[in-house]
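Please look at the sequence and the model below before reading on.

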Amino acid sequence: MPKAIWNGTVLAESDNTIVVEGNHYFPADAIKKEYFQESNTHSTCPWKGVASYYSIEVDGQTNKDAAWYYPSAKERAKNFEGYVAFWKGVKVEA
């Protein structure tokens with residue numbers, strides 16, 4: 001089962017991830033919300049749409065904008081709208 005781990009803590013795990021461009025996108029209900037803080041950061045992908053970010057906080061340490069998702073994905077990305085992906089040192093073990 002794929003797991004997202006940072007700072008020794010499992011942030012998300014699910015058998016229903018979707019792999020896009022080498023990133024595992026986890027269903028929103030698979031993340032452990034207590035570690036996630038909404039961020040004001042946004043970026044735009046030409047085919048996915050506007051991404052929103054979460055900062056991750058574990059044991060008093062913060063990993064700014066280490067997770068992202070598409071709250072209103074474009075048509076070609078609708079199948080993983082709302083799913084969460086990781087970077088910035090968050091390790092995904094599949």
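## Terms and basis

Strands, in this report, are DSSP runs of E with at least two residues, numbered from the N terminus, and two strands pair if DSSP finds at least two bridges between them. This is a predicted model, in which local features need pLDDT of at least 70 and side-chain atom pairs count only at pLDDT 80 or more, while totals for chains, interfaces and linings use all residues. Residues are numbered from 1 along each chain as its sequence is written, and side-chain values use heavy atoms, with hydrogens and water left out.

## The sheet of three strands

Strand 1, which covers residues 3-6, runs antiparallel to strand 2 and is joined to it by four bridges; here Ile5 stands opposite Val10 of strand 2. Both belong to an open sheet of three strands, ordered 2-1-9 and paired in antiparallel fashion. Strand 2 (9-13) and strand 9 (91-93) each have a single partner strand and stand at the edges, so one side of each is left without a neighbour in the sheet. On average, and with direction ignored, neighbouring strands of this sheet are turned by 30° against each other, where the axes are lines fitted to C-alpha atoms and angles run from 0 to 180 degrees between N-to-C directions.

Four strands form an open sheet in the order 5-6-7-8, and their pairing is antiparallel. At its edges are strand 5 (36-45) and strand 8 (84-86), each of which pairs on one side only. Neighbouring strands of this sheet are turned by 35° against each other on average, direction ignored.

Seven bridges connect strand 5 with strand 6 (residues 49-58), and the two run antiparallel. Phe36 has Ile56 of strand 6 as its bridge partner.
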